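This report covers a strand barrel and a set of charged side-chain pairs. The terms are given with their cut-offs as they come up.

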Amino acid sequence: MSLAPLPKPRRHTLRGALLGAVALVALGAAAVENGAFAPGHAVAATAQTSAGPASFADVVDRVKSSVVSVKVKLADGGDADVETQGMPQFPPGSPFDRFFKQFGLPDGNDDGDGDMPLHRHRHLTMAQGSGFFISSDGYIVTNNHVVDHATEVTVTTSEGKTLTAKVIGTDPKTDLALLKVSGGSYPFVTFAPQAPRVGDWVIAVGNPFGLGGTVTAGIVSARGRDIGSGPYDDFLQIDAPVNHGNSGGPTFNTDGQVVGVNTAIFSPSGGSVGIGFAIASDVVKNVVQQLKENGSVARGWLGVEIQQVTPDLADSLGIKNASGALVAKETPNSPAANAGVKIGDVITAVNGDTVTDPRDLARKIASLGPKKDAELSIWRNGSQQSISVALGEMPTDKEAMAETHAKPQHEEPTSFAKLGLSLERARGGQDGVTVVSVDPDSVAADRGLQSGDVIIEAGGKPVSRPGDISQAIDAAKSDGHKSVLLRVKSGDAVRFLALPAQSAS
């Protein structure tokens, strides 16, 4: 198959990039969270006789015919010039828009005042990526962002045959999509029965920059990465070089089995620097099966807002280990509320499987699916309890919350000098105590309190005046706690935080 010459490259500066390019426009991707991988046994300091296999050629010969190039016509005609700072434009509030803002990076909607050079380019109407056959009758796995907004999808096989593909279903939450082509029997690959270990060899095959049929190799650098793209992140980090156009392509083990689907890179330049991310195969298998059967993914739903249990919160709650998921808010008439889950509960296990953090709980509940029973282990009021919950189905749209605008009340704020706080009764007849001001150098600011927050509870009891906070602090000190547990409302979000149990004034 002849290769068309690449267009003259543009000088874009990218901080993170999705691999499936909108025709050489790099998409923003991911932040690497610091997740140490702790081995369960001592590492033997023995010399290795071989650094790896002499060649991957036999494996590549077996799998390369299953990998396809994916080309997409987009719904947006895109003939208008737009100005960006080397970045694509993302919808406000999207995971990638939030990523750039979280890490102080300019997003595609920046007005050009940042320190990155402006580049002018056109919206392009073609997207390209990779995919691979998972069955002989033509089912193909790729990334959702490769086929998003597509009006036409075609795939090109390793033999150069171009086929029209139908989008069977997509799942934006995991960035996966399932396609189908007709008219023949196709070579396919299977998923690995178990996850690879850190340090295992992997092989990536795909369509970088439209070249097609490109093979690279490396190792698994880390597992279980959360890159901030969604609530169900479970990525392999690999150092096999992958670039724009590799999106949706497979990562193989040395047996030729799929261990991941390439989806994102972290890069200061837009090119590969050895930090790539692949969706773990166990996630892919579950999602693809549902897309094949239903065209969409149904996930289990509890109906609670949860947060991390920090060491300070653990001390306030009387828990030895800072793990599990703390229930900060519940949805009325949700499965959790109907089963008796309460605000302030810490969910420590699901069906006997330990919950390490909120993300772990979200993944466990989602994977069980709707209409399934889940046995929750709950830490409440100093003791462990068990609650059975009939899970619901994850809502497709978040319900809008009406905001109540309160009339100002004339009341002198109460100062909590040692904490760096100034408080007053909540306005407009609302429950709680309003944070009027916070000293930015105070302990209250360090713990996350901000002006405008409303303290709903202190020490597990509702509060309605600043004096209630003082009483809660005194009670916590009397009980031997280093901090007092506050339940705080910030806008529509509700969370817990721990404030040191020290003299307030």
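A residue is called buried under 20% relative accessible area, exposed over 50% and partly exposed in between, computed with a 1.4 Å probe on protein chains only. By that rule Arg380 is buried, because its relative accessible area is 14%.

The model is predicted, so local features need pLDDT of at least 70 and side-chain atom pairs count only at pLDDT 80 or more, while totals for chains, interfaces and linings use all residues. Residues are numbered from 1 along each chain as its sequence is written, and side-chain values use heavy atoms, with hydrogens and water left out.

**Salt bridges**

A salt bridge here is a side-chain nitrogen of Lys or Arg within 4 Å of a carboxyl oxygen of Asp or Glu. The structure holds 10 salt bridges.

| Pair | N to O distance |
|---|---|
| Arg380 and Asp345 | 2.7 Å |
| Arg487 and Glu457 | 3.9 Å |
| Arg197 and Asp200 | 4.0 Å |

Helices (H or I, at least four residues) and strands (E, at least two) are DSSP runs numbered from the N terminus. Arg380 pairs with Asp345 in a salt bridge. Arg380 belongs to strand β22 (residues 373-380) and Asp345 to the loop between α6 (335-339) and β20 (346-350), so this pair ties together parts that are 35 residues apart in sequence. Asp345 is buried, at 1% relative accessibility.

Arg487 and Glu457 also form a salt bridge. The two come from distant parts of the chain, Arg487 from strand β30 (residues 483-490) and Glu457 from strand β28 (residues 454-458), 30 residues apart. Both Arg487 and Glu457 are buried. Elsewhere, salt bridges that share partners join Asp353, Asp360 and Lys364 into one network.

In the pair of Arg197 with Asp200, Arg197 is exposed at 59% relative accessibility, and Asp200 is partly exposed at 26%.

Two strands count as paired if DSSP finds at least two bridges between them. Six strands form a closed barrel in the order β3-β6-β7-β10-β9-β8, with antiparallel pairing. From one strand to the next, the twist averages 40°. Axes are lines fitted to C-alpha atoms, for helices over the stretch in contact, and angles run from 0 to 180 degrees between N-to-C directions.

Val141 stands opposite Leu178 in β10. Helix α4 (residues 281-294) lies across β7, β9 (162-171) and β10, at about 50° to β10, where contact means heavy atoms within 4.5 Å.
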